[in-house]
Amino acid sequence: MSSYNFLAKYYDFLTQNVDYDAGSDFISGIFKDNNVKTVIDLACGTGVMSEKLINKGFDVIGIDASVEMLSFAQNRLFKYSKDLSLINAKMQDFSLEIKADGCICCLDSINHLTDENDVLKTFINIYNSLNDNGVFIFDVNSVYKHRTFLNNQTYVFDEEDFFLSWDNELVDNDKVRIMLDFFVYNGVNYDRFSEEFCERAYSEETLKNMLYEAGFKNINVYGGFDFSEPENDSERLYFVCKRR
């Protein structure tokens with residue numbers, strides 16, 4: 001799997017269509033209803049959602065497997081607090097000495113785990129890192145989205161200082177191989193950088209079963225930030241669950 005280290009530089013560009021304001025409102029509303037104060041931002045990336053939650057009054061612990069992602073997160077977040085915790089660890093391997101009240105895992109980060117055992121390990125790690133009645137919120141790309149919008153589709157971005165070819169290859173009904181080729185202008189010509197990784201879509205039932213196995217309860221699944229029910233054509237699913 002890619003380390004995402006080069007991708008970190010362009011991550012904010014690639015996620016510029018994400019409605020972080022709506023997402024943070026959705027998350028913070030649930031957290032405030034459950035008296036959450038301290039939040040783990042698992043697979044925090046460059047720290048955009050962490051920043052939104054910090055500005056809403058939460059204490060945030062950022063965790064990511066990419067050192068470069070954490071470097072961008074540090075530049076973004078340390079203006080708020082020099083004591084902010086940023087941890088370099090994989091989702092399926094991390095542990096914390098002090099438990100938190102809530103955890104988020106946003107932007108289909110769970111889909112980047114292509115082995116069910118890794119997903120279960122991640123859920124167990126999160127469960128073990130939360131206080132009693134702690135809340136875990138995450139989103140995933142749906143099986144429908146993988147089979148429809150990421151099924152052998154190619155997207156091209158022609159920007160001022162770089163060109164990007166984004167190819168999606170459906171490996172099977174659940175997994176998509178994503179290949180990113182960046183051509184970055186260096187003042188004379190273009191340097192090529194490539195990133196490749198896979199995402200796997202899991203059914204709602206599969207994820208629920210793993211969450212229950214990890215110990216979570218009161219599992220609710222929504223099709224949007226308006227708490228709507230998931231539909232057959234929902235592209236993204238939002239899970240909200242509690243530690244027993």
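This is a predicted model: local features need pLDDT of at least 70, side-chain atom pairs count only at pLDDT 80 or more; totals for chains, interfaces and linings use all residues.
Seven strands form an open sheet with mixed pairing, and their order is 3-2-1-4-5-11-10. Which strands lie at the edges? They are strand 3, residues 85-88, and strand 10, residues 216-222, each of which pairs on one side only. On average, neighbouring strands of this sheet are turned by 15° against each other, direction ignored.

Let us look at one pair of strands within the sheet. Strand 5, residues 130-141, and strand 11, residues 236-243, run antiparallel and are joined by seven bridges. To take one example, valine 140 has leucine 237 in strand 11 as its bridge partner.

I turn now to the helices. Helix 5, residues 116-128, packs on the sheet and touches strands 1, 4, 5, 10 and 11. The direction of helix 5 makes about 145° with that of strand 5. Helix 7, residues 204-214, also packs on the sheet, where it touches strands 5, 10 and 11. Its direction makes about 160° with that of strand 10.

How do helix 5 and helix 7 pack against each other? Their angle is about 45°, and their axes are 9 Å apart.

In soluble globular proteins, nonpolar side chains tend to be buried together. In this model, the largest nonpolar core has 34 residues, and those touching the most other members are Ile110, Phe123, Phe136, Phe138 and Leu207. Several elements supply at least two residues each, including strand 1, strand 2, helix 7 and strand 11. Which element gives the most to this core? Helix 5 does, with five residues.

Phenylalanine 123 deserves a moment of your attention. Leaving aside its neighbours within four places in sequence, phenylalanine 123 is in contact with Ile110, Phe136, Phe138, Leu207, Met210, Leu211, Ala214 and Phe216. There is also a second, separate core of 27 residues, which includes Ile27, Leu53, Val135 and Tyr238.

Conventions. Residues are numbered from 1 along each chain as its sequence is written. Side-chain values use heavy atoms; hydrogens and water are left out. Two strands pair if DSSP finds at least two bridges between them. Helices (H or I, at least four residues) and strands (E, at least two) are DSSP runs, numbered from the N terminus. Axes are lines fitted to C-alpha atoms, for helices over the stretch in contact, and angles run from 0 to 180 degrees between N-to-C directions. Contact means heavy atoms within 4.5 Å. A nonpolar core is a set of buried Ala, Val, Leu, Ile, Met, Phe, Trp, Tyr and Cys residues joined through side-chain atoms within 4.5 Å. Buried means under 20% relative accessible area, exposed over 50%, partly exposed in between (1.4 Å probe, protein chains only).
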